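Please look over the predicted model shown below, with attention to its charged pairs and its surface. The briefing after it goes through these topics in turn.

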Amino acid sequence: VQLQASGGGLVQAGGSLRLSCAASGRSFGTYTMAWFRQAPGKEREFVAGNRWNIGEPNYADSVKGRFTLSRDNAKNTVYLQMNSLKPEDTAIYYCAAAVGKYLVTSALALENQYNAWGQGTQVTVSS
């Protein structure tokens, strides 16, 4: 499975961006998909995740109410709509997939549960 993330850029605080992650493979509808991010000097952290059979995604507390994860199984694509962006959202954003495995809720935020990663897309929020 290959993942290709896009949509990053430079935006002012309060603005919006939509990230996209296109996946290869015939079974995208069964993948658990997630977004992580890594800010300069910090560890990579979970942002949002969605299991294939549960409609409501899980979000990190820091992005709840501002970010929305959605997926279009017909296009093999997952999106991250980011609104009300803050300077602290500046990071490289990675999409990830858990292929061939089902993740329980407590495992969604664990990097080592994902076996496919995109190349990352830079998001910079200016103050």
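Where is the place of Trp52? Trp52 sits in the loop between β5 (45–50) and β6 (58–59), where strands (E, at least two residues) and helices (H or I, at least four) are DSSP runs numbered from the N terminus. This is a predicted model, in which local features need pLDDT of at least 70 and side-chain atom pairs count only at pLDDT 80 or more, while totals for chains, interfaces and linings use all residues. Residues are numbered from 1 along each chain as its sequence is written, and side-chain values use heavy atoms, with hydrogens and water left out.

**Surface patch**
- Trp52 counts as partly exposed because its relative accessibility is 43%, the classes being buried under 20% relative accessible area, exposed over 50% and partly exposed in between (1.4 Å probe, protein chains only).
- Together with Tyr102 and Val104, Trp52 forms a nonpolar patch on the surface with about 320 Å² of accessible area; patches are made of residues with over 30% relative accessible area and no salt bridge, with like charges joined within 9 Å and nonpolar side chains (Val, Leu, Ile, Met, Phe, Trp, Tyr) within 5 Å.
- Accessible areas come from the Shrake-Rupley method with a 1.4 Å probe, and for residues only the protein chains shown count as cover.

**Salt bridges**
- Five salt bridges are counted, each being a side-chain nitrogen of Lys or Arg within 4 Å of a carboxyl oxygen of Asp or Glu.
- Glu45 pairs with Arg37, with the closest N and O atoms 2.7 Å apart; Glu45 is partly exposed at 35% relative accessible area, whereas Arg37 is buried at 6%.
- Arg66 and Asp89 form a salt bridge at 2.7 Å, N to O; Arg66 lies in the loop between β6 and β7 (67–72) and Asp89 in the loop between β8 (77–82) and β9, so the pair ties together parts 23 residues apart in sequence.
- Both Arg66 and Asp89 are buried, and salt bridges that share partners join Arg37, Glu45, Arg66 and Asp89 into one network.
- Glu111 and Arg44 meet in a salt bridge at 3.0 Å, N to O, and this pair links distant parts of the chain, 67 residues apart, with Glu111 in the loop between β9 and β10 and Arg44 in the loop between β4 (32–38) and β5.

**Lys101**
- Lys101 is found in the loop between β9 (91–98) and β10 (116–117) and is partly exposed, with a relative accessible area of 30%.
- Leaving aside neighbours within four places in sequence, Lys101 is in contact (heavy atoms within 4.5 Å) with Thr32, Asn112, Gln113 and Asn115.
- The side chain of Lys101 reaches the backbone oxygen of Gln113 at 3.2 Å.

Note on methods:
A polar contact is a pair of N or O atoms within 3.5 Å; within protein, one must be able to donate a hydrogen and the other to accept it, and residues adjacent in sequence count only if both atoms are side-chain atoms.
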